[in-house]
Amino acid sequence: MDHIKHLKCLICGKEYAPDEIEYICPDHGNEGIVDVCYDYELIGKRISRESLAQNPDTTIWRYKALLPVEADAPVPPLTVGGTPLYQADRLAAGLGLKYVWVKDDGRLPTASFKDRASAVAVVKAQEKGADIITTASTGNAAAALAGLCASIEQPNVIFVPEAAPQAKIAQLLVFGSTVMLVKGTYDDAFELCLETAAEYGWYNRNTAYNPYMTEGKKTAVYEICEQLGWNAPDVIFVSVGDGCIIGGLHKGLKDLLALGWIDKMPRIIGVQAAGSSYMYQAWKNNEDILTKPPGPSATVADSISAGLPRDRIKALAAVTETNGAYVSVTDDEILEAVPALARGCGVFAEPAGAAAYAGLVKAAAQGLVNPNERIVVLNTGNGLKDVASAMKAVEMGGKRPFHIEPTLEEVKKIIGNA
Ligand SMILES: *Cc1c(COP(=O)(O)O)cnc(C)c1O
Ligand SMILES: [Zn+2]
């Protein structure tokens with residue numbers, strides 16, 4: 001892996017060779033998240049915008065030269081990446097904007113953004129010859145790991161909160177994972193998973209612990225920029241729980257700038273649920289995220305429920321270093337965004353995905369974006385992940401089906417005469 005220079009601790013700045021540490025900087029307990037630092041000069045000789053234009057592979061592996069894996073590493077067969085970027089003119093017009101795109105990662109194989117990271121996780125685990133991979137998750141990272149593991153017959157053990165939506169738990173069971181439903185929060189599941197992995201020596205996919213997850217997640221922004229002809233957007237909206245996705249997007253943009261493939265850094269706007277808004281609070285009040293205690297994590301958007309965002313160092317930098325912002329949206333605003341996004345552009349998102357759009361609605365109202373800016377909203381999860389919340393959202397909006405007898409007269413009573 002000659003294209004990786006070192007792993008750098010985000011707290012103390014210490015640099016490690018990739019094989020020197022397993023996951024984190026050992027000087028800070030479980031908090032010493034590291035960043036994977038690349039040799040861009042070397043990478044620039046191996047891959048270019050022109051070579052990409054000739055590459056028929058539409059998966060994240062088209063960017064393999066920019067990922068922390070060997071050039072000849074076998075990759076899982078599920079097609080991760082290549083999700084559509086829809087121009088959403090009606091949504092834009094409704095908000096007084098001109099250019100809005102929706103990147104739909106609900107279309108990935110297990111129906112969430114997390115497939116991007118889990119695809120890299122299974123390649124890294126196989127590199128290590130791991131017998132078992134484990135992760136804690138609010139649900140989607142687990143489902144992604146379960147699916148990618150199933151595709152290569154890799155045993156895995158998953159820790160999720162007992163209250164995770166049924167669809168996500170069903171995915172885990174269908175894919176054959178060993179599933180631990182933890183009687184507690186995601187934060188409890190996370191701690192237990194770390195403890196268990198250390199006890200048994202399992203390969204650990206945990207977000208903001210395993211440094212390579214950010215690297216998988218950054219591929220979304222490579223795709224966005226490539227889909228826009230390497231003309232980077234002005235603003236990107238993304239929902240934030242642990243902060244790994246937002247950190248990944250920032251990392252990917254920094255890669256592209258270092259390679260000279262884009263010429264400006266977009267502003268990144270992180271969207272949090274009001275009931276789980278640690279990052280929003282820390283950013284707004286200028287708090288020290290190394291000492292700020294965990295906050296509440298109550299929100300309908302289960303995928304962004306995180307009392308202590310594990311990737312908070314990267315999540316804060318993504319906003320402060322790009323002149324971006326955090327916005328907070330209520331659960332009602334998130335639920336309203338589910339049908340609004342679906343009706344406005346045909347993308348059905350789970351609450352955490354729709355939250356990014358709710359954030360754009362709020363930002364437009366607050367003047368955080370200009371009418372002429374080119375804006376990308378990232379949908380991170382498919383609406384079918386959480387049907388109960390979708391039903392709640394449409395009922396809140398007064399939308400009801402008609403219950404009828406199977407006769408034309410009954411239809412006419414509703415539709416009127418032809
Ligand atoms: C995980 C997830 C997020 C948030 O990602 P973080 O890295 O935890 O900030 C947002 N939306 C969906 C659907 C997710 O699964
Ligand atoms: Zn350190």
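The legends below describe close-up views of a predicted model.

**View 1. The surroundings of ligand 1 in the predicted model.** Ligand 1 is surrounded by 16 residues. The closest of these are Lys114, Gly241, Asp242, Gly243 and Thr380.

**View 2. Polar atoms of the protein beside ligand 1.** A polar side-chain atom of Lys114 lies 2.7 Å from an oxygen atom of ligand 1. For Asp242, a backbone N or O atom is found 2.8 Å from an oxygen atom of the ligand. Thr380 places a polar side-chain atom 2.7 Å from a nitrogen atom of ligand 1. Taken alone, ligand 1 exposes 380 Å², and 98% of that area is buried by the protein.

**View 3. The cavity that holds ligand 1.** The site of ligand 1 is the largest cavity.

**View 4. The zinc ion (ligand 2) and its donors.** Along the chain, the donors follow the spacing C-x2-C-x12-C-x2-H.

**View 5. The geometry around the zinc ion (ligand 2).** The arrangement is tetrahedral because the four donor atoms subtend angles of 102 to 117°.

Note on methods. Residues numbered from 1 in each chain as written. Chains lettered and ligands numbered in written order. Predicted model: local features only at pLDDT ≥ 70, side-chain atom pairs only at ≥ 80, totals over all residues. Heavy atoms only, no water. Near = heavy atom within 4 Å. Polar contact = N/O pair within 3.5 Å; in protein donor to acceptor, adjacent residues only side chain to side chain. Areas by Shrake-Rupley, 256 points an atom, 1.4 Å probe, with all protein chains shown as cover. 1 Å grid on protein atoms, 1.4 Å probe; cavity = no way out; pocket = protein on both sides within 12 Å on 5 of 7 lines; lining within 4 Å. Sits in = over half its atoms within 2 Å of the grid points. Donors = N, O, S within 2.8 Å, 3.2 Å for Na, K, Ca; no water. Tetrahedral: all angles 85-135°; square planar, octahedral: opposite > 155°, others 65-115°.
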